Structures are given as C-alpha cells and as structure tokens.
Amino acid sequence: MDLLEAMSGRRSVRDYTSQRPDDSIIAQLLTAAVNAPSARNGQPWRFTVVRDPELLDRLSTEAKAYQLATLPAGHGNEERRARMADPANHLLHNAPALILISAVEPSIWAVEDCALAAQNLMLAGWSLGLGSCWIGNVQFYLNTPEGKRLLGLPEGCVPVAPIIAGYPASQPVPVPRNEPVVSWIG
Ligand SMILES: Cc1cc2nc3c(=O)[nH]c(=O)nc-3n(C[C@H](O)[C@H](O)[C@H](O)COP(=O)(O)O)c2cc1C
C-alpha cells in the first residue's frame, strides 16, 4: 500500500476479530516505529506488547475504576462517569493486543518522539491489514505506580501511547476532517 493511501485510509478500529497478531507482524510494526525521527536521534522509547486476554481485561477494569475514583463529580463529568461504571464498556475494545510505547529518557522531547513512533506504528499496521487505535482512556491509570506495576514497567518509564491492534472485524466508519486552516506567507 502506498504511503499516501495509508495516511488517508487509516481509521481508528474499535471492532476486532479474536485473531491475535503474531510475533512477526508485531516485529514489523516495531521496526516501523523505531524508524520515526527523534530529537538528537535519542530514540527514547520502550515497547510493551500485551497479548494476554486476562491482563487486557484487568487493565480496562482498573483504568475505569481509576477514572471513577479521580474524576470529580459534576463539572460535566456525569456522562463520562456513567461510561466508566458500565461493565460492558471495554476500554480496549476487546482488542487481542496492546502495544504500549513508553518514554524512557528524561528528554524534553520524549513525548513528541514517542508520538511519532506511534503514528509510524499505526500506519504500518494499516498497510499490513491491521487495525489500531490509541487508547488515551487507559493512559492516566498507566502512569500511576499501580498501572506501571501491572505491566511490569520500570520506575522511570512514562507511558505515552497505549495502542490497541488487531484484525478489523468490520470497516471503521470514517470521521470527517476539517479543511486545514492555513496562513500562506509568501
Ligand atoms: C491521544 C489520543 C487519545 C485517544 N483516545 C482514545 C480512546 O481512549 N478511546 C478510543 O476509542 N479512541 C481514542 N482515540 C482515537 C480518536 O478518537 C480518533 O483518532 C479520532 O476520532 C479520529 O478518528 P480516526 O483515527 O479514525 O481518523 C484517541 C486518539 C488519540 C490521538
């Protein structure tokens, strides 16, 4: 698949078959990720690949509980609190795999670097027939000591991009894009 086609065709996937992406396809995604640019070529990333269904379920449950415990009542949070209390709401959309990209360097650019690696990984996945979706909903929990312990992350690690991946069970619905706002100078 051509790169422009992957960039315009990629959509977040939230409906997966149970087929688990094998080691070789995950290795291709990781190779694409580490080819991302990074400030001073610091490559401040570390990857955690989770394909244990029980651990993925537990992460969803714990992240929902964390949001319920930390989201202030009111402030327009009622709808969100109701979603976090819903046992049928799986934050990882029952995906067969999670690839977490964490920052390992105390560099001021580490988050940007990891986000670039994440986009490479998602585009590579799309071109190989794999769907993906960044799950910000588990990110705050993963940044707690308990969250890091759950995935065996070392102390200094900062989880940046939790990305679910798997084979799409249905076509994702395209979401509209705004026209770019541009100031042309010269
Ligand atoms: C930082 C970030 C956090 C996101 N968090 C979630 C999430 O928690 N759950 C989810 O289903 N999608 C999440 N998404 C996916 C966005 O909703 C999606 O990218 C956006 O609606 C555009 O749709 P597209 O990716 O299909 O083009 C997140 C995306 C980004 C970049």
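This is a predicted model: local features need pLDDT of at least 70, side-chain atom pairs count only at pLDDT 80 or more; totals for chains, interfaces and linings use all residues.

Colleague: In which order do the strands of the open sheet come, and with what pairing?

Modeller: Strands of a sheet pair through backbone hydrogen bonds, in either a parallel or an antiparallel way. Here, four strands form an open sheet in the order β1-β2-β4-β3, and the pairing is antiparallel. β1 (45–50) and β3 (131–134) are the edge strands, each pairing on one side only. On average, and with direction ignored, neighbouring strands of this sheet are turned by 25 degrees against each other.

Colleague: Over how many bridges do β3 and β4 pair?

Modeller: Four bridges join β3 and strand β4 (residues 158–166) in the antiparallel sense. Gly131, for one, has Gly166 in β4 as its bridge partner.

Colleague: And how is an aromatic pair read?

Modeller: Two values describe a pair of aromatic rings: the distance of the centres and the angle of the planes. This structure holds one aromatic pair. The pair is formed by Tyr66 and Tyr141, at 6.1 Å centre to centre with 55 degrees between the planes, and is tilted. Tyr66 lies in helix α3 (residues 53–70) and Tyr141 in helix α6 (residues 139–142), so the pair ties together parts that are 75 residues apart in sequence.

Colleague: Is Tyr141 buried or exposed?

Modeller: Tyr141 has 6% relative accessibility and counts as buried. Tyr66 is partly exposed, its relative accessible area being 28%.

Conventions: Residues are numbered from 1 along each chain as its sequence is written. Side-chain values use heavy atoms; hydrogens and water are left out. Rings of Phe, Tyr and Trp (its six-membered ring) pair if their centres lie within 6.5 Å; planes under 30 degrees apart count as stacked, over 60 as edge-to-face and the rest as tilted. Helices (H or I, at least four residues) and strands (E, at least two) are DSSP runs, numbered from the N terminus. Buried means under 20% relative accessible area, exposed over 50%, partly exposed in between (1.4 Å probe, protein chains only). Two strands pair if DSSP finds at least two bridges between them. Axes are lines fitted to C-alpha atoms, for helices over the stretch in contact, and angles run from 0 to 180 degrees between N-to-C directions.
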